[in-house]
Amino acid sequence: VLTVGICGTDLHAFEGTQPFFSYPRILGHELAVEVIQAGDGVEGFRAGDRCAVNPYMTCGTCAACSRGRTNCCAKMRVIGVHSDGGMRDRIVLPASQMYRCERLPNEKIPLVETLGVGIHAVGRAAAQAGDRAIVVGAGPIGLSVVEFLRVAGADVGVVEKMPERLDFATRHYSLRRSYPSHAEAQQEQPSMLVFDCTGDRGSMESSIQLLEQGGRLIFVGLINDRISLFDPDLHRREATILASRNSTPAEHHRVLDLMESGQIDVSAWPMECARPDSMDRRFPLWLNREA
């Protein structure tokens, strides 16, 4: 294991609030790995290959898998969530879950999984060039959604209550629409596509107020709780509500192609890399979003 990305799932698991988690568990599902040895009969890999990892272990036989929607397999096992993950020196992985990465540096490879969440959400929304879209929450997943909305040619805005995140998203993407709250965004023209990436109940319940008549509300963030919507708000708009979960191998390959070609470049994203021997000091600080 070369590099492990840490995302909201890991932080929530550490806090005990991740809904799909069981303990004890070794974390780590956003991985950059180097092949030490390939198993018998494995082709296409050799010692020294650097790879991204698809952490979604699927059954291949359920109704979702049969339709190609492996991202929501009924028997999904996620490495680092349902089974032990990559926060260790070595891990045994099926070759089918690995993608060779020849051009990306080690610290970028784990973002293939992160960006996969964004490309899948934009695909779920069927975003088209010129669509007016707004992303609620400008953390790593929200930024991933923004990246692929831009690839699709959408007109993108952002809602983010944390000033540092809002400032970064606004400057980095030269956004003309950026708001510190739902209330301020509601003063503007509504959007055909609304992506809530917060995993916050209040935000998820309020995001429908940003939606245009006939629009699509996509819940990308996950919360271990119930959410409720005022039914007249839903019916008045004849809104479509979509959940977006994980991503597919085809989407991972598309992400890799876009990253290696430079069309998706996350070099400017705020990032901190910590060595394993400093994790006991750094990890608790990352639980504070302001950090």
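Modeller: In this predicted model, helix H3 and helix H9 cross in a right-handed way.

Biologist: What makes the crossing of H3 and H9 right-handed?

Modeller: A crossing gets that name if the near helix is turned clockwise from the far one by less than a right angle. H3 and H9 are assigned to that class.

Biologist: Why is H3 called roughly perpendicular to H9?

Modeller: The axes of H3 (residues 111-124) and H9 (residues 249-261) cross at roughly 110 degrees. Angles of 65 to 115 degrees count as roughly perpendicular, so H3 is roughly perpendicular to H9. The two axes come within 9 Å.

Biologist: Which residues of H3 and H9 make the contact?

Modeller: From H3 come Leu111, Val112, Leu115, Gly116, Ile119 and His120. H9 supplies Glu251, His252, Arg254, Val255, Leu256 and Met259. They divide into seven nonpolar, three polar and two charged.

Biologist: How do you know that strand S2 pairs with strand S3?

Modeller: Pairing requires at least two bridges. Three bridges join S2 (residues 30-34) to S3 (residues 50-53), so the two strands pair. S2 and S3 run antiparallel, and Ala32 has Ala52 in S3 as its bridge partner.

Biologist: What makes S1 and S6 edge strands?

Modeller: The open sheet has four strands in the order S1-S2-S3-S6, with antiparallel pairing. Strand S1 (3-5) and strand S6 (98-100) each pair on one side only. From one strand to the next, the twist averages 25 degrees.

Methods:
Residues numbered from 1 in each chain as written. Predicted model: local features only at pLDDT ≥ 70, side-chain atom pairs only at ≥ 80, totals over all residues. Heavy atoms only, no water. Axes fitted to C-alpha atoms, helices over the stretch in contact; angles between N-to-C directions. Parallel < 35°, antiparallel > 145°, perpendicular 65-115°, else oblique. Contact = heavy atoms within 4.5 Å. Nonpolar A, V, L, I, M, F, W, Y, C, P; charged D, E, K, R; others polar.
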